[in-house]
Amino acid sequence: MQRLANFDVSRDFLTRRSKIAAQVIFGVLCGGAMIGLRSLFDVWAPVSGPFALIYPTILLATLYGHWQAGAVAFLLTFFWAWFVILPPTQSLLFADPTDPARVLLNAASALVVLIFAEAFRRAAHSTMDEIRERADRRLTLLADLEHRTKNNFALVASMLELQKRRIPQQELHAPLEEAVGRVRTFADAYSALALEQSDQPNVEMKPYLEFLLDRIEGASLSPAVRLFREVEPATLTREEAVAIGLYLNEAVANACKYAFPDGRPGTIAVFFHVRDDGWRFTIEDDGVGDDALVDPDGGLGSQLLAAFASQAGATHHAGPVLNGFRSEMRKEEQAAVA
């Protein structure tokens with residue numbers, strides 16, 4: 001219905017002359033369609049309602065072909081009905097003394113339909129253009145906000161890096177390095193979102209997650225650790241996408257930190273599955289499986305994972321499994337499958 005409301009026969013033409021030609025041709029086609037339909041109707045009810053089908057013809061021609069198409073359809077159908085349908089047929093003369101007023105009234109009514117249809121068309125298209133312009137402005141502002149957010153995260157990371165260099169105590173460097181890594185993770189998530197989906201209100205998750213996974217595989221994993229991925233197509237909101245990207249980075253960072261000590265080989269598997277009742281995002285490793293024992297009370301990493309899941313409106317579960325450790329977030333509602 002929205003596509004039908006926005007239809008315009010001359011929209012794809014570039015020059016004014018070609019636009020007018022398209023509108024005139026459309027008016028001729030509308031008039032021809034009415035004449036054909038009226039000719040079929042005359043088999044059952046000849047000469048009845050000679051001007052009845054003119055009004056919807058003018059309405060459709062004007063709404064989708066501007067007033068030029070409506071005027072062409074009006075002239076073609078009105079004079080055809082006058083000449084062919086109105087008695088005496090095949091003549092512009094009048095058989096009944098009341099016919100001149102009848103013809104004049106129908107002509108005036110048809111012109112009123114044309115005028116109001118053109119006014120409505122212009123108002124509707126103006127409203128749609130305004131809505132699109134506002135949406136474009138909001139998308140531009142959102143993209144600018146995300147760009148500034150990414151830059152602010154990068155600035156914070158640089159400031160923490162400078163502060164680390166000024167601290168002589170080596171034992172304080174590790175916490176600062178961890179904080180720098182997390183801040184850069186936030187910047188990477190927003191950067192990936194800007195690169196992949198900068199002009200869309202929602203996010204296609206498959207290319208977004210594939211982009212993040214490729215970056216993680218190239219920058220964070222040791223050669224002994226393999227990254228397996230299984231990502232199903234889905235469309236989510238930008239807020240959900242950012243939260244999932246941050247969750248992914250934090251969970252993989254935890255796996256790299258705890259699951260594979262002393263260069264131990266292994267695999268980190270990432271799954272994004274869509275179901276009728278929602279979606280499920282899982283990061284699982286086949287490492288030593290003692291992430292929970294490293295941080296039994298739930299430290300910053302665990303709190304961040306729970307916070308990211310909450311941001312996406314999902315639940316978070318994490319703990320050892322038979323062959324390693326698993327972090328998972330679930331959202332129990334309909335996700336739009338691409």
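**Salt bridges and helix packing in a predicted model**

Arg280 and Glu328 join their side chains in a salt bridge, 3.7 Å from N to O (a side-chain nitrogen of Lys or Arg within 4 Å of a carboxyl oxygen of Asp or Glu). Arg280 belongs to strand S5 (residues 278-285) and Glu328 to strand S7 (residues 324-331), so the pair ties together parts 48 residues apart in sequence. This is a predicted model, in which local features need pLDDT of at least 70, side-chain atom pairs count only at pLDDT 80 or more, and totals for chains, interfaces and linings use all residues. Residues are numbered from 1 along each chain as its sequence is written, and side-chain values use heavy atoms, with hydrogens and water left out.

**Salt bridges**
- Glu328 is buried at 9% relative accessible area, whereas Arg280 is partly exposed at 29% (buried: under 20%; exposed: over 50%; partly exposed: in between; 1.4 Å probe, protein chains only).
- Glu328 also meets Arg330 in a salt bridge of 2.7 Å, N to O.
- In helix H4, Asp129 and Arg132 lie three residues apart, about one turn of the helix, and form a salt bridge with their closest N and O atoms 2.5 Å apart (helices are DSSP runs of H or I, at least four residues; strands are runs of E, at least two; both are numbered from the N terminus).
- Salt bridges link Lys206, Glu210, Asp214, Glu217 and Arg229 in a network.
- The whole structure holds 14 salt bridges.

**Other contacts**
- Asn152 lies in helix H4 (residues 99-166) and is partly exposed at 46% relative accessibility.
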